[in-house]
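The following report describes one protein model for a reader who is new to structural work. Please keep the sequence and the three-dimensional view at hand while reading.

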Amino acid sequence: MWVADFGLAVTPEESTNARRGGMAGTPRYMAPEQFEGLFDERSDLYSLGLTLYELSTLTPAFDGKDRQQLVERILAGRPATPRKVNPQVPRGLERIIVKAIQPRPADRYQSADELIAALKDYLSGRDSFWRRWIGK
């Protein structure tokens, strides 16, 4: 896996206009709303979720024969759950990944702090972490 889009980052202090308009990034790791030129912190968390998905399954969440097919698949819905692709993925990690890659931004982690807390809870073995962050 290659991560190469760090030069596209903008800070929250930068204007809203810098976060609208042009589409930039690697499509395979872009959140659905980015194809409309919109994004915020939750879009970045979606991309991180896709990276975790790929690291845990050793396969991309979305694939296509060309860019158009790839974009269509991203916009169409959800990939197979990580455990369906790789049964060795721990359930707790799968829950975190699935929440991070929800198609609607409102259904994802709302901040990096939320995702970090969920990961810390998972890594520390706390049984109830997913109820707090997944909402079940």
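In this report, two residues are in contact when heavy atoms of theirs lie within 4.5 Å. Helices (H or I, at least four residues) and strands (E, at least two) are DSSP runs, numbered from the N terminus. The model is predicted: local features need pLDDT of at least 70, side-chain atom pairs count only at pLDDT 80 or more, and totals for chains, interfaces and linings use all residues. Residues are numbered from 1 along each chain as its sequence is written, and side-chain values use heavy atoms, with hydrogens and water left out.

**Overall composition**

The protein has six helices and zero strands, and from the N terminus on its elements run α-α-α-α-α-α. A residue is called buried under 20% relative accessible area, exposed over 50%, and partly exposed in between (1.4 Å probe, protein chains only). By this rule, buried residues make up 35% of the 136 residues. The protein exposes about 8,300 Å², and carbon and sulfur atoms supply 53% of that area; accessible areas come from the Shrake-Rupley method with a 1.4 Å probe, and for residues only the protein chains shown count as cover. Among contacts between residues at least 6 apart in sequence, 49% join residues at least 24 apart.

**The pair α4 and α5**

Two packed helices are described by the angle between their axes and the distance between the axes. Axes are lines fitted to C-alpha atoms, for helices over the stretch in contact, and angles run from 0 to 180 degrees between N-to-C directions. How do the axes of helix α4 and helix α5 cross? The axes of α4 (residues 91–100) and α5 (residues 112–124) come within 10 Å and cross at roughly 175°. That makes α4 roughly antiparallel to α5, given that angles under 35 degrees count as roughly parallel, over 145 as roughly antiparallel, 65 to 115 as roughly perpendicular and the rest as oblique.

On the α4 side, the contact is formed by Gly92, Leu93 and Ile96, which meet Leu115, Ala118, Leu119 and Tyr122 in α5. The residues of this contact divide into six nonpolar, one polar and no charged. For this division, Ala, Val, Leu, Ile, Met, Phe, Trp, Tyr, Cys and Pro count as nonpolar, Asp, Glu, Lys and Arg as charged, and the others, Gly among them, as polar.

Seven of the 10 residues of α4 are buried, so this helix is largely enclosed by the rest of the structure. The buried residues of α4 are Gly92, Leu93, Glu94, Ile96, Ile97, Lys99 and Ala100. Leu93 has a relative accessibility of 17%. Leu93 and Ala118 are 25 residues apart in sequence and 9.3 Å apart in space, C-alpha to C-alpha. Not counting residues up to four places away in sequence, Leu93 touches Ser56 and Tyr122.

**Salt bridges**

A salt bridge is a side-chain nitrogen of Lys or Arg within 4 Å of a carboxyl oxygen of Asp or Glu. The count comes to four salt bridges, and the table gives some of them.

| Residues | N to O distance |
|---|---|
| Asp63 and Arg28 | 2.5 Å |
| Arg108 and Glu33 | 2.8 Å |
| Asp40 and Arg42 | 2.6 Å |

Asp63 and Arg28 meet in a salt bridge. Asp63 lies in the loop between α1 (41–57) and α2 (67–76) and Arg28 in the segment before α1, so the pair ties together parts that are 35 residues apart in sequence. Asp63 is partly exposed at 39% relative accessibility, and Arg28 is partly exposed at 26%.

Arg108 and Glu33 also form a salt bridge. Arg108 lies in the loop between α4 and α5 and Glu33 in the segment before α1, so this pair ties together parts that are 75 residues apart in sequence. Both Arg108 and Glu33 are buried.

**Individual residues**

Ser43 lies in helix α1 and is buried, with a relative accessible area of 1%. Leaving aside neighbours within four places in sequence, Ser43 is in contact with Ala31, Glu33, Gln34, Leu38 and Arg108.

Leu70 lies in helix α2 and counts as buried at 9% relative accessibility. Leu70 touches Pro27, Arg28, Phe62, Asp63 and Gly64, again not counting residues up to four places away in sequence.

Leu58, in the loop between α1 and α2, is exposed at 76% relative accessibility. The phi angle of Leu58 is near 60°, a positive value in a residue other than glycine.
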